Amino acid sequence: MKQALYVWVGLMSLITFITFGVDKRRAVRHQYRISEKALLVISVIGGGVGGWLGMKMFHHKTQKPKFLLVSFSAMIWIFVIVACILNVI
């Protein structure tokens, strides 16, 4: 069960990181964008760490207050993973 959680969070973080990068590229090129709702949802359901890294690396959505949810989500997922590793949950 824990291994599935690790895989889920890892894959979702990778997908979210890539998605933030794609959206940033589209923003620069004035192309069709990925919705903010989609970016937030994939961050919350497991991709918080990847979303946070994507925000920092691509300098994307860092000024929008609602995207603090991505940072909060990253902290929650890190807490869950560490708790699983330490057998707290």
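This is a predicted model: local features need pLDDT of at least 70, side-chain atom pairs count only at pLDDT 80 or more; totals for chains, interfaces and linings use all residues.
**Stop 1: the partner of Asp23**

Arg33 and Asp23 meet in a salt bridge, with N to O at 3.0 Å. Asp23 sits in helix α1 and Arg33 in the loop between α1 and α2, so this pair ties together parts that are ten residues apart in sequence. Arg33 has a relative accessibility of 31% and therefore counts as partly exposed. A search of the whole structure finds four salt bridges, and the next stop shows others.

**Stop 2: Glu36 and its lysines**

Select Glu36, Lys61, Lys64 and Lys66. These residues are linked in a network of salt bridges. Start with Glu36 itself, which is buried, at a relative accessible area of 18%.

Next, look at Lys64. Its side chain meets that of Glu36 in a salt bridge of 2.7 Å, N to O. Lys64 belongs to the loop between α2 and α3 while Glu36 belongs to helix α2, so the contact ties together parts that are 28 residues apart in sequence. Lys64 is partly exposed, with a relative accessible area of 37%.

Then move to Lys66. It forms a salt bridge with Glu36, and the closest N and O atoms are 2.7 Å apart. Lys66 also lies in the loop between α2 and α3, with Glu36 in helix α2, so here the parts tied together are 30 residues apart in sequence. Lys66 is partly exposed, at 48% relative accessible area.

**Stop 3: the helix pairs**

Hide the side chains and display the helices. Select α1, residues 2–28, together with α2: they pack at an angle of about 55°, and their axes are 7 Å apart. That angle makes α1 oblique to α2. The crossing in which α1 passes α2 is right-handed.

How do α1 and α3 pack, and at what angle? The angle is about 155° and the axes are 11 Å apart. Angles over 145 degrees count as roughly antiparallel, and that makes α1 roughly antiparallel to α3. The crossing of α1 and α3 is left-handed.

**Stop 4: Ser73**

Stay on helix α3 and select Ser73, which lies in it. Is Ser73 buried or exposed? It is buried, with a relative accessible area of 5%.

**Stop 5: the nonpolar patch**

The most comes from α3, with four residues.

Ile45 counts as partly exposed, because its relative accessibility is 40%.

Key: Residues are numbered from 1 along each chain as its sequence is written. Side-chain values use heavy atoms; hydrogens and water are left out. Helices (H or I, at least four residues) and strands (E, at least two) are DSSP runs, numbered from the N terminus. Buried means under 20% relative accessible area, exposed over 50%, partly exposed in between (1.4 Å probe, protein chains only). Axes are lines fitted to C-alpha atoms, for helices over the stretch in contact, and angles run from 0 to 180 degrees between N-to-C directions. Angles under 35 degrees count as roughly parallel, over 145 as roughly antiparallel, 65 to 115 as roughly perpendicular and the rest as oblique. A crossing is left-handed if the near helix is turned anticlockwise from the far one by less than a right angle, and right-handed if clockwise.
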